[in-house]
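Hello,

Here is the structure I promised to pass on. Have a look at it first, and then read my notes below.

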Amino acid sequence: MTPTDDRMVVEVQIGRPLRAASEVVARCHLTMPVVVRVPPHLDDGTPFPTLYWLTCPLAVTRIGRLEGTGGVKRMEAKAMSDLEFGARLSDAHKAYASERDGLTDVTDGPRPSGGVGGVETGVKCLHAHYAHSAAGGDNPVGELVAAWIGPLDCEVPCVVGDDMNPEWVNKP
């Protein structure tokens, strides 16, 4: 796919126009975008802390179900009770912020802050942690989420042309 095709597919997947040029950094087995890297500042200059954005509608749905059943609280509790897991989560936030900050070319004005999902510690959004992991980041929350929601086993692409594929089924 070309960057123009990718942009159109991502916009269909997320249901709105992108607010900045974004690069696909993870794809599914059908070559559809799963995660995009978003620049630290949107086209209008707004700081944007979320470096990796999940676009796959199947993953979004499955992770939404996890969040709806207390997944964020469970991950917070695990980070507090499992010292190794908590340390890895802290390292993930630091690495995420460092990578994003390395892409920031704005010297004055507001800058994005925080780690995964814009927070310094803990877990705000399972989608953001999964996206970080799927993009290659060492993220213990994202790894667990991937094991719980996988495989992303669509039989047909979610997008065809410039619309959602009517043959695509959002599997539970």
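The buried residues of α4 are covered by, among others, β3 (52-54), α3 (71-81), α5 (126-134) and α6 (140-149). Please keep in mind that this is a predicted model.

Let me start with α4 itself, which runs over residues 83-102. With 20 residues at 1.5 Å each, helix α4 should span 28 Å, and this agrees with its end C-alpha atoms, which lie 28 Å apart. Its buried residues are Phe85, Leu89, Ala92, His93, Tyr96, Ala97 and Arg100. They sit on the same side of α4, because the arc they cover around the axis is only 120°. On the face turned away from that buried side you will find the exposed residues Leu83, Glu84, Lys94, Ser98 and Gly102.

The start of α4 is worth a look on your screen too. There, a side-chain oxygen of Asp82 comes to within 3.2 Å of the backbone nitrogen of Glu84.

Now to α3. Which of its residues are buried? They are Gly71, Val72, Met75 and Ala79. These cover an arc of only 100° around the axis, so they lie on the same side of α3. Lys73, Met80 and Ser81 are exposed, on the face of α3 turned away from its buried side.

As for what covers the buried residues of α3, the list includes α2 (57-68), α4, α5 and α6.

Terms used:
Residues numbered from 1 in each chain as written. Predicted model: local features only at pLDDT ≥ 70, side-chain atom pairs only at ≥ 80, totals over all residues. Heavy atoms only, no water. Helix = DSSP H or I, 4+ residues; strand = E, 2+ residues; numbered from the N terminus. Expected span 1.5 Å × (residues − 1). Buried < 20%, exposed > 50% of the residue type's maximum accessible area, 1.4 Å probe, protein only. Arc of directions from axis to C-beta. Contact = heavy atoms within 4.5 Å. Polar contact = N/O pair within 3.5 Å; in protein donor to acceptor, adjacent residues only side chain to side chain.
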